[in-house]
Amino acid sequence: MTDDPNRNSPFRPSRRTALRLMGAGAGALMLPSAIGRSAALAAGADATGQLILAFSQEPTVFNPFMPHIEVDEGIHFAVFDTLFTFDPKGELYPVLVTEVPTVANGGISADGLSWKIKLKEGVTWHDGTPFTAEDVKFSLELPVDPDFRSWRTTGYNLMKDITVVSPTELTWTMTQPFAPMAAVLGSTWIVPKHAFDGVADRNSAPFNNAPIGTGPFVWKERMAGDHIRLEANPDYHGEGPFIKTLIVKYIPDLNVMYTQFKSGDVDVVGLQWITPDHYEEAKALPGKTVEIAGAGSFESFALNMMRPQFQELAVRQALYAAIDKQSIIDALYYGIPQVTETYMPQQSYYYNPDLPKHEFNLDTANKLLDDAGWAKGPDGIRAKDGVKLSFTNSTTAGNHLREQAQQFIQQTFKEIGVEMTISNLPPAVMWGEFWMQSQFDTCIVGMNTLLGADPDNSDYFMSANSAARGGAGQNTTCYQNPEVDALFKQGGETFVPEDRKPIYQKIQELIRHDLPLLPLYQYAVVKGRKENVTGPVPNVNNRIDTWNVNTWKM
Amino acid sequence: MLRYVLGRLWQSAILLLLVSFIGFVVLSLAPGGPLSQFALSPGMTQEQLDRIAEQMGLNRPVIIQYLEWLRHMLAGNWGVSYRDGQPVLKIIGSHLFATLLLMVTSTILAVSIGSTIGIVSAIRRGSVFDYTMTVLAMVALSIPTFWFGLVAIYVFSLNLGWFPAGNMYTAGDGSILDYARHLVLPAMVLALVDLAIWSRYMRTATLNVINQDFVRTARAKGLPRRRVLFKHIVGNALIPMITLAGLQLPTLLGGALVTETVFTWPGMGRLFLDSLGYSDYPVVMGLLMTSAIFVVIGNLAADLTIALIDPRVRLE
Amino acid sequence: MSLTDTAAAPRQFIRSRALRRFLSHKLALLGVFMVAMLTVVCFAGPWFLPYDELYIDLRARFAPPMTGGHIFGTDPLGRDLAARLFHAGQVSMSIGFAVMVIATTIGSVVGVVAGYYGGRVAAVLMRIVDAFLAFPSVFLLLVLAAFIKPGPAMIALIIAATSWMEVARIVEAEVKSLRDRDFVQAARMLGLSGRWIMFRELLPNAIGPIIVAATLTVARAILLEAYISFLGYGIQPPLPSWGNMLNGAQQYLQSAPWLAIVPGVAITMAVTGFNFIGDGLRDAFDSRTDLK
């Protein structure tokens, strides 16, 4: 995987010289696909065929700087380009820039504060207008426009003096070192400045519903509630596209989606994919390629550390030991997801493979609680010092598989004298203040805490980042550990991946020990496509199937 | 008459105002909200969510938000969707076709089949057919629509393979025949309840006509039985039928919502559930108002038709 | 007291005649039989089953009906479907009755007040009734249920909130027609309070239509619970209800159709039963039936 030292060495500055490098990947590597530009230039004009890609959610937000969800990025990747983005190995490759800026190539100053990027020449917007550094400057400034309803300001708010040196050159400085900046730029799609000229309210610009990009596909039409039609960009500056028409179809029901895949009406099954119970059958379908792909999210049983029940480590350990993870994965999820002990995807360069392995053992769990003085009361529920080992568990109502796992956990907890009451909520309530302000006892949650391949998720685990305690982040378990705080601080200011790796591995170790959330599994999904479709490749560092849609062929 | 009409119109306006207020307050006071969907995005923080809430004006008092919504609404501006920034009216319009296609087809099915059953039942009052249909109609009214949909999918789609299990058309096809194939199951399911109601109604209406003097006279004059019945029953039952259609609207809309869910039909019911899931309040409000307007118009039409026929109503 | 007696005499007469008519109504008796049978089975059935409705056994997932001692098979967690169905029946039917009580009470009060006072009071009350009626009930239910923590009591309240209007309309119409009858005029002249007249004189005389509406409300409530639980907004697992047993069944329609069929049949039977009874009662209380 990524820790092959020889592969990246030519691009990697020596540790002595590189004080600060781009934060995220294991170094900046140019992929052959992105280099072979001249050879691929003609492809867009020769694109053929129509490919139907199905999503079970509807993409509705087409301005990538406005609040959106992952399915929207399915369109963003097709219509727009980023400056550079992550490949499946977590390495950055250039898209709109000629090369990914590093200290070695002079793109980033030694102190990490001054940045310089050089853009490709001859790139045009879908409407024929030339793409220039002005567009990039506009795009980097748009998220911090106080009147604009922007998705996030993280990173952009640290940039200043964004200067257009020439139509293909741009520089800026950072007000402070910020290691995840590269990851932020890795999901920053560049939008055309001219689309906003003379627009009074950028929140309702016509562009937002008729996007113009530089990407491999041109926006054609949207049938709300049904599909979006995109056409090949004949002048695409990179590789591809090889498909003439890309239809992104919204099929809200996973069974219907699978049926249409089976019957051949859908070429590629996208987001929410094939349900695990159909995996065996799907694998045997003639003319289809069906495979399991790792995803960046992880499922966990989150504890609210402010509750008196969860103050003791022994309780958290006992609960963890009383979850029959393997049965949940094997029986309920048909063996598809991977057992994990951490939030870090196993594909990541920063993944810590040496964490202690969970073992399901009710005797261990009982013993832990007995030793800690939690004795069973007459009702069979354990209690200590007037605190009953009883709590509610919540998750999104309507997520059937998770609700099944939840009821199963409830049963094994009962066997060790722990009372868990289920109180599920509709998504709009569940993930509102209830989650953000830590109003829950425990939750089952699936989330991806990482931006691209960057290992920093201090917003989720640093003591100061609990909204319930007045913080600004998403540390909803209200986890507090000064050692973890110090490590996050150190990691955020360290730029060399080799130096960052031990820091973030240590953090994973501490969190695994403290168990503010009981890790269940890393997501894996069943992806399916027609045999003759090539190109779709899993990528835990980008959220959606279409990250490389320009290379898809059929 | 004019006074009566004006009075009813005025009452309808008040009614709609009340509906909008109840709907808006219920939505706004609910916990959670439109920002929940973003909470689990990588790197999302409370700070960012607060900023977006401020931008969208979600942290203002409910009553202010309502008055502003009402002001815009009265000016013909139904607001824009939180999800895609499109005008609510345009979004509803783009889902209207699918729902109308489904509702019109199923109403045609229900009225034609239901009326036939009703008329035959009335003519053969007390027969086995009449009795069976009475029982069947009652059972039909008791079957949960969605469950009937599931059974229909199980039998006709999964087992027999005659019709597709969902969606309005096959991706990439979309011929009329393709639409028709997709329409059969949901229209049949949605028609069931209405069919039962129509057959009951037509039975009563026909019985009334049969017992009237002019029918007896006509038959006594030797006119063919079928012609007499058809002419008089249809002639006499037509206006009340329109009334019934008006009154049936809320049931039909509710049924469409459930049917659309089971068959993933891309209409207003589906839009309603999606919008509710994302807390897209402007669209939810728009849909509530649209259905309320339909219902009020249906009621109004029913009342006015009755008033036209029966002058006593106007005096009350 | 003499007044209530005079009012009560014809009432008793109506009742006995109604009872006679009801007992000769075949469908109504069939309905009574169906409801009684379901009630007995749901409340007594669990004692005769070897399985607990909550006991999960992952090795026994998706057992088809009549295998391994599971008469209706098992669900995706290996729980006995029969045990769940019976407990679900207790939940669903209890909700149905709770809704009936709440909705009939609210509806009767609103109706009798509007009908007795008339004028502006009636106008305001009946416009509120219209407003509630103007929401298709599934819409209103979903909006409410989407934001309220779903428990059986809450679900019953929400369904009741969308089910009281019919009763209100019926009672209002009935009371309006009784308002100027002699016994009411007499009561007024005797100086009896409005509350007394409304609830002791008028309401009992409207009891026939109220009972009919109440019976149909049970049927309706069971259906509505099924709707919202099916859509995932109703009763939450692990507590079973007929509706939430169907939630998720669509996913297994091909591999485990009994998950969808069994609870659906139960719902249809219960609702049909109550509708038959309601129909029988309507005919029984409708004096014109004799003339037909």
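What radius of gyration does chain A have, with 554 residues, and what would a compact globule have? Chain A has 24 Å, and a compact globule would have a radius of gyration near 24 Å, so the two agree. The radius is taken over C-alpha atoms, and the globule rule is 2.2 Å times the number of residues to the power 0.38.

## Basis of the model

This is a predicted model, in which local features need pLDDT of at least 70, side-chain atom pairs count only at pLDDT 80 or more, and totals for chains, interfaces and linings use all residues. Residues are numbered from 1 along each chain as its sequence is written, while chains are lettered from A and ligands numbered from 1 in the order in which they are written.

## Confidence in chain A

The pLDDT, the predictor's confidence in each residue from 0 to 100, averages 88 over chain A, and 92% of the residues score at least 70. Within chain A, helix H10 (residues 313–321) has the highest confidence, at 97, and helix H1 (residues 5–8) the lowest, at a mean of 34. Over residues 1–40 of chain A the pLDDT is below 50, although this stretch has 92 contacts in the model beyond near neighbours in sequence. A contact here requires the C-beta atoms of two residues, placed from the backbone, to lie within 7 Å. Where pLDDT is low, the predicted coordinates should not be read in detail.

## Chain A: elements and domains

Chain A has 18 helices and 19 strands; these are DSSP runs numbered from the N terminus, with helices being H or I of at least four residues and strands E of at least two. Along the principal axes, the C-alpha atoms of chain A fill a box of roughly 75 × 55 × 50 Å.

Chain A is divided into domain 1 (42–80 + 215–287 + 531–553), domain 2 (82–193) and domain 3 (296–524), with bounds that come from an automatic or database domain assignment. The C-alpha centres of domain 2 of chain A and domain 3 of chain A are 36 Å apart. Their contact takes 10 residues from domain 2 of chain A and 11 residues from domain 3 of chain A. On the domain 2 side of this contact, helix H7 (residues 181–186) of chain A gives the largest share, three residues. Ala, Val, Leu, Ile, Met, Phe, Trp, Tyr, Cys and Pro count as nonpolar, Asp, Glu, Lys and Arg as charged, and the others, Gly among them, as polar.

## Strand pairing in chain A

Strand S11 (residues 288–303) of chain A pairs with strand S19 (residues 517–530) of chain A in the antiparallel sense over 12 bridges; pairing requires that DSSP finds at least two bridges between the strands. One of the partners is Leu517(A) in S19(A), which bridges to Ala302(A).

S11(A) is also joined by six bridges to strand S18 (residues 442–447) of chain A, again antiparallel. Here Phe298(A) has Met447(A) of S18(A) as its bridge partner.

## Chain B

The domain assignment of chain B gives domain 1 (1–75) and domain 2 (95–309). In the contact between them, 16 residues of domain 1 of chain B meet 15 residues of domain 2 of chain B. The domain 1 side divides into eight nonpolar, seven polar and one charged.

An unreviewed UniProt entry places "transmembrane region" at residues 12–30, 96–123, 135–159, 179–198, 233–263 and 283–309 of chain B; the positions are in the numbering used here, feature names are shortened, and annotations may be inferred rather than shown by experiment. Residues 12–30 of chain B are 95% helix and 0% strand, with end C-alpha atoms 27 Å apart. For residues 135–159 of chain B the end C-alpha atoms are 28 Å apart, and the span is 92% helix and 0% strand.

## Chain C

Chain C has 12 helices and zero strands. Its C-alpha atoms fill a box of roughly 75 × 45 × 35 Å along the principal axes. According to an unreviewed UniProt entry, "transmembrane region" covers residues 27–49, 95–117, 129–148, 154–171, 202–235 and 255–278 of chain C. Residues 27–49 of chain C are 78% helix and 0% strand, and their end C-alpha atoms lie 31 Å apart.

In the contact of chain B with chain A, 41 residues of chain B meet 47 residues of chain A. H2(B) supplies the largest share of the chain B side, seven residues. That side divides into 15 nonpolar, 21 polar and five charged residues.

The contact between chain C and chain A takes 16 residues from chain C and 20 residues from chain A. The chain C side has nine nonpolar, five polar and two charged residues.
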